[in-house]
Amino acid sequence: MKTSQTLRLALLLLCLFSLTACVGGRMGVSWPSVGLIDLNGEQHIALAYNNDVALLTPSNGLPARLLNPVNGQPLRDNDGNPRSWIFRGSDNGGGQFYAQPIPIDSETMLIADNNKRLLRVDSVVVELVRAIPIEDKVVASMLAADGVLYVPFQDGGLGAYSLDGFHELWRVPTEEGIWAKPLLVDDSIIFPSLDHHLYAVDRKNGAIQWAADLGGAVASTPLLANDRLYVGSFNKRFFEISLDGVILSSYETQNWVWGTPAIDEDGFVYLADLSGYVHALDAEAGLALRWSQQIAERGIRAGPLVVDDRVVVASRDGKVYWLDRYDGALINAREVDDRPELLGDMLLLEPSETLDIDEPLLLVTSMHDGRLLIAFGIDGRQTWVYPR
Amino acid sequence: MWDLILNPFVTILAWLYSALNQDIVLAIIVLTVIIRVLTWPLFAKQQESSRRMQQLQPQLKKLQEKYKNDKEKMSQAQMKLYRENKVNPVGGCFPMLIQFPILIGLYQAIFFALAATPFQLVDLSERLLIPGLDSLIPLQRLWSPIPQLTDLLPTLDLTLAPTENPPYALALPLLVLITTWAQQKLTMSMTGQKSSKKDDDDEEDSNPGGQAAAMTKSMTTIMPIMFGFFSLSFSVGLSLYFVTSNLIGMVQYSPQGRRVLERVFGGKGDEAPVEVVFADDEPSPKKPRRSKKKKPRKK
């Protein structure tokens, strides 16, 4: 076969490979998860995404240093460099992380991975102590309460495990996956499922107390306020549900509602949908509309945050928007460099001495490897970025 | 731009899923059949063009021999031959270029509709164009080939690769490989492209028809292996699409299938003879199909 012919064949194959590879363009599993955790009396930002779980210092976004528990001196690696609190999946059996870690005591952290494992990690030296096989992958954060760990499984079911021996206490099957952190309300565990239901189960034995059919997949943790649950679904509706599972009122949105809503002190609930709309509803008047605005060019996956008189949302268009909470007017819009999709939940840090910050910080996650976590001041000014 | 092709496919697939009792495998099969039937006129045009090119091969060879020392004249004579026979040497490419994005769009639609992770599912929210389909999400991803025999043939997860499913799922990449090979073979036989050992490399390189034949020959070997390999790592749902698509292709290439489709679309019969017109300065060879023995005149 002549060279030119070989080249033509190679080109054709390359075209085929490229076209089929287009499909694989979005092969990621989920977006970063961010939260605040207390470790040995210090509060840290916990960021879990893909290969790493990192603990960061709120004031500057730098990875927390590992300290010798005896003398308080920094722990150093073989080259003499100070060690940081980063747990890498690549060094520990190829774990992938999208859920928040859970500290269970001063020396132990529990991390669920997307490879069907619960990892018990020594949080002082950040080393894997034990990998406990579980039945399914985990993509949403777990809940720990009173010595029990409640694990939502990506492909369906909620499992309860004892924190001392990690043996399964009970398991509730669901037809589809659970992609949101369960919520503890009195003696009930409330969780949504993609099988269109919001479930309440007895925390002691997993017996189903009620299951509300919301007509579409539910992928967010409900907001609990005034003894009511507020949650949206993929059938473009937002619901107000009583604590015994009765739908009290609903509101029609423009697209799927995926994020957990926010509520202000006046009883107004704020939610966003995947068409880029933000809605403000009166929770005390059967979800009556206060205002609804299309804010972003693309969808808003994460729930809004209420900061003083503003509502903040982050969109797939790579921008963060600050709105007037009374009328929805756009106050400020900030574009993240390179405009990566902003899909992960946001986190608001209030000023405190423990956090060592003197102004509110708004944390936004992206899937850009160079800016996984961006901290904004209340006025929209970017404070720091992780990693640098 | 790509969404203009992809989103209607995703929507139709979701609609079919709804209409077909929420059976995603049936929806994939029906959508593949619909698309393959609708793209039949393009496909037939491409085949017709290949066949005409093939029929001109003897004349092209003669031109190559005649003008082997004058490439410019050879090129002019070739163009004249094409013009007089109303054949576009790259005519077969245009229908293929239109078909290709459609088939890739269909394949991607299956991938997006079977979203199994949050990252994949968030995309789907912008792709459903008909209201009311949102309540179907997520589409069913578990499938039993024979629901009565789930002990023997456990349920497959359509979003996972065959290697992550029960072992019998590994038969799917093999099926993809076999059906792709069979379809390729049928393509060659229907367009009259045969691998001739007489065609040496030089000839292939300067003769477009020879190149096409050589290319087709190589693709017959490479494509089945490549698609079989893809199917090992892609989801089972996509393997089902590949197999369905290949089987439909085989029906389209079969004489019976072609006759039915030609009746529906009013196309030209497959066996319609191609009348070759020869360039002015070329001696007209005997036309075997058209030649009739002269009856002796009665005196």
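1. In chain A, the bridge partner of A:A375 is A:W384, which lies in strand β32(A); strands here are DSSP runs of E of at least two residues, and helices are runs of H or I of at least four, both numbered from the N terminus. Strand β31 (residues 373–376) of chain A pairs with β32(A) in the antiparallel sense over four bridges, and two strands count as paired if DSSP finds at least two bridges between them.

2. A word on the basis of these remarks: this is a predicted model, in which local features need pLDDT of at least 70 and side-chain atom pairs count only at pLDDT 80 or more, whereas totals for chains, interfaces and linings use all residues. Residues are numbered from 1 along each chain as its sequence is written, while chains are lettered from A and ligands numbered from 1 in the order in which they are written.

3. The pair in the opening point belongs to an open sheet of four strands in chain A, with the order β29-β30-β31-β32 and antiparallel pairing. Its edge strands, each pairing on one side only, are β29 (347–349) and β32 (382–386) of chain A. Neighbouring strands of this sheet are turned by 20° against each other on average, with direction ignored.

4. Strand β26 (residues 310–314) of chain A is largely enclosed by the rest of the structure, because five of its five residues are buried; a residue is buried if 20 or more other C-beta atoms lie within 10 Å of its own, exposed if 12 or fewer, and partly exposed in between, with C-beta atoms placed from the backbone. A:R310, A:V312 and A:A314 point one way from β26(A), A:V311 and A:V313 point the other way, and all are buried.

5. On one side of the sequence, strand β25 (residues 305–307) of chain A pairs with β26(A) in the antiparallel sense over three bridges, with A:L305 opposite A:V312. The hairpin of β25(A) and β26(A) has two residues between the strands, and A:D308 takes a positive phi near 55° there. Strand β27 (residues 319–324) of chain A runs antiparallel to β26(A) and is joined to it by five bridges, and A:R310 stands opposite A:D324 in β27(A). The hairpin of β26(A) and β27(A) has four residues between the strands, and A:G318 in the turn has a positive phi of about 85°.

6. Taken as a whole, chain A has one helix and 32 strands, and buried residues make up 45% of its 388 residues.

7. In chain B, helix α2 (residues 24–38) and helix α11 (residues 236–253) pack at an angle of about 35° with their axes 9 Å apart; axes are lines fitted to C-alpha atoms, for helices over the stretch in contact, and angles run from 0 to 180 degrees between N-to-C directions. Residues in the contact include B:T32 and B:R36 in α2(B) and B:S245 in α11(B), contact meaning that C-beta atoms, placed from the backbone, lie within 7 Å.

8. B:S245 is buried, with 24 other C-beta atoms within 10 Å, and B:S245 touches B:T32 and B:R36, not counting residues up to four places away in sequence. The C-alpha atoms of B:S245 and B:Q183, 62 residues apart along the chain, are separated by 9.6 Å.

Definitions and conventions:
Two residues are in contact if their C-beta atoms, placed from the backbone, lie within 7 Å.
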